[in-house]
Amino acid sequence: MSGPNTDYDPVEVTPLRADEVEAQRDAALAAIAAAADLEALKQVRLEHAGDRSPLALANREIGALPPQARKEAGARVGKARGEVNKALGQRLAVLEAEHEERMLVEETVDVTLPTDRALTGARHPITMMSERIADVFVAMGWEVAEGPQVEAEWLNFDALNMGADHPARTMQDTFWLEPAEAALVLRTHTSPVQARTMLTREPPIYVVCPGRVYRTDEIDATHSPVFHQVEGLVIDEGITMAHLKGSLDHFATAMFGEGITTRFRPSYFPFTEPSAEVDLVCFVCRGVNSDECRTCRGEGWIEWGGCGVVNPRVLIACGVDPEKYTGFAFGMGIDRTLMFRHGVEDLRDVFEGDIRFAQPFGIEI
Ligand code: PHE
């Protein structure tokens with residue numbers, strides 16, 4: 001069994017000598033004072049106050065001393081270690097405060113700097129064009145009417161004098177909904193809104209109906225299975241084709257500028273009689289040097305839509321007295337109008353949703 005070594009002379013144990021302990025303490029204090037940052041201080045702590053530091057190693061020697069010498073050496077080493085720890089704590093506080101201060105400066109955000117505004121989204125050019133068109137008619141006292149995109153077969157076709165064998169009713173043009181017994185289609189034109197309006201309102205009727213329509217067309221530069229039309233319908237006493245022509249000339253001029261009027265070409269629609277195709281004066285060559293014009297290919301005119309005097313059979317189907325009232329109707333492509341008005345060459349650009357397409361329309365974002 002081993003006991004304290006009574007012959008042990010602390011003066012002979014170098015690490016415990018007063019001058020040695022002081023030297024170690026002074027070295028530690030100097031290193032602490034010299035630590036420039038928290039990382040350096042961490043290193044100093046390891047070297048001068050860690051388990052393997054000279055003072056810690058000296059401390060281990062104490063146990064082997066005789067009791068009297070142990071007390072003295074213990075007090076000396078303990079005091080030195082206390083001083084070193086205190087200095088470490090103080091230096092840590094100073095360096096932490098410095099670090100904090102530096103971070104505050106380095107990470108400062110200048111809230112007064114101007115920033116880019118976040119994009120919040122905007123209405124689509126087609127929406128804006130629909131509203132612009134509606135405004136032209138609202139300014140003349142007309143009302144805006146709307147109908148559903150999933151429409152009853154009867155309203156999309158039958159009420160509009162389109163018999164069951166009409167070509168527009170074949171699967172080729174129309175998206176039919178299942179089950180077939182429901183007799184529902186994705187409306188192929190905005191004309192069912194005519195029927196809905198006549199069935200629910202008493203004449204006089206002056207309505208404009210912009211909306212989305214569907215046909216089983218392949219997508220290309222001028223076709224899309226989803227597109228937009230604007231329908232116009234007037235039912236009143238004494239309405240003639242002249243009122244129709246005047247309204248469309250006004251519409252064309254409002255859209256394309258002074259001098260851009262319309263011409264009618266005889267045509268056929270089951271729901272109007274007589275019927276006409278509506279052409280616009282070419283808004284590029286204005287019908288003047290039409291030979292070189294690539295837009296109208298020398299025609300001087302551009303196809304815009306269809307129109308006519310409402311067929312009395314449609315009036316009857318929709319509960320309007322054809323002896324008392326007459327009316328006119330027209331249907332134009334909104335997408336076409338947008339493309340003409342803004343020189344858009346590919347319809348796909350309109351529907352792809354790239355913001356770079358929408359921005360030049362003066363969209364407020
Ligand atoms: N609904 C017709 C179409 O989509 C256009 C039209 C509307 C024609 C109103 C005459 C009267 O082609």
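## Helices and strands

Helices (H or I, at least four residues) and strands (E, at least two) are DSSP runs, numbered from the N terminus. With those labels in hand, let us walk through this predicted model.

## Two domains

The chain is split into domain 1, covering 10–106, and domain 2, covering 125–361. Taken over C-alpha atoms, the centres of domain 1 and domain 2 are 92 Å apart.

## Helices H1 and H4

Start with helix H1 (residues 18–34) and helix H4 (residues 67–106), whose axes come within 10 Å and cross at roughly 5°. Because this angle is under 35 degrees, H1 counts as roughly parallel to H4. By class, their contact has eleven nonpolar, no polar and four charged residues. From H1, the residues taking part are Ala 18, Val 21, Arg 25, Ala 28, Leu 29, Ile 32 and Ala 33. They meet Arg 76, Val 77, Ala 80, Glu 83, Val 84, Ala 87, Leu 88 and Arg 91 in H4.

Is Ala 28 buried or exposed? Ala 28 is buried, because its relative accessible area is 0%. Setting aside its neighbours within four places in sequence, Ala 28 is in contact with His 48 and Val 84.

## Helices H5 and H8

Now move to helix H5 (residues 125–138) and helix H8 (residues 241–256): their axes come within 10 Å and cross at roughly 135°. That angle makes H5 oblique to H8, and the crossing of the two is right-handed.

Which residues of H5 meet H8? Met 129, Arg 132, Ile 133, Val 136 and Phe 137 do, and their partners in H8 are His 250, Phe 251, Ala 254 and Met 255. Sorted by class, this contact of H5 with H8 has seven nonpolar, one polar and one charged residues.

## Helix H7 and its surroundings

Helix H7 (residues 192–200) has several buried residues: Pro 192, Val 193, Gln 194, Ala 195, Thr 197 and Met 198. What do these buried residues of H7 pack against? Among the helices, they pack against H6 (153–156) and H9 (312–317). They also pack against strands S2 (150–152), S4 (205–214), S5 (226–236) and S9 (326–333).

Most residues other than glycine have a negative phi, and most peptide bonds are trans. With that in mind, here are some places to check in the structure.

The peptide bond from Glu 178 to Pro 179 is cis, with omega near -5°, and Pro 179 sits in the loop between H6 and strand S3 (184–186). Another cis bond runs from Glu 273 to Pro 274, with omega near -5°. Pro 274 belongs to strand S7 (residues 272–281).

Ala 183 lies in the loop between H6 and S3, and its phi is positive, near 55°. Ala 183 is partly exposed, because its relative accessible area of 23% falls between the limits of 20% and 50%. Arg 297 has a positive phi too, near 50°, and is found in the loop between S7 and strand S8 (301–310). Arg 297 is exposed, because its relative accessible area of 73% is over 50%.

Terms used:
Residues numbered from 1 in each chain as written. Predicted model: local features only at pLDDT ≥ 70, side-chain atom pairs only at ≥ 80, totals over all residues. Heavy atoms only, no water. Axes fitted to C-alpha atoms, helices over the stretch in contact; angles between N-to-C directions. Parallel < 35°, antiparallel > 145°, perpendicular 65-115°, else oblique. Left-handed = near helix turned anticlockwise from the far one by under 90°. Contact = heavy atoms within 4.5 Å. Nonpolar A, V, L, I, M, F, W, Y, C, P; charged D, E, K, R; others polar. Domains from an automatic or database assignment. Buried < 20%, exposed > 50% of the residue type's maximum accessible area, 1.4 Å probe, protein only.
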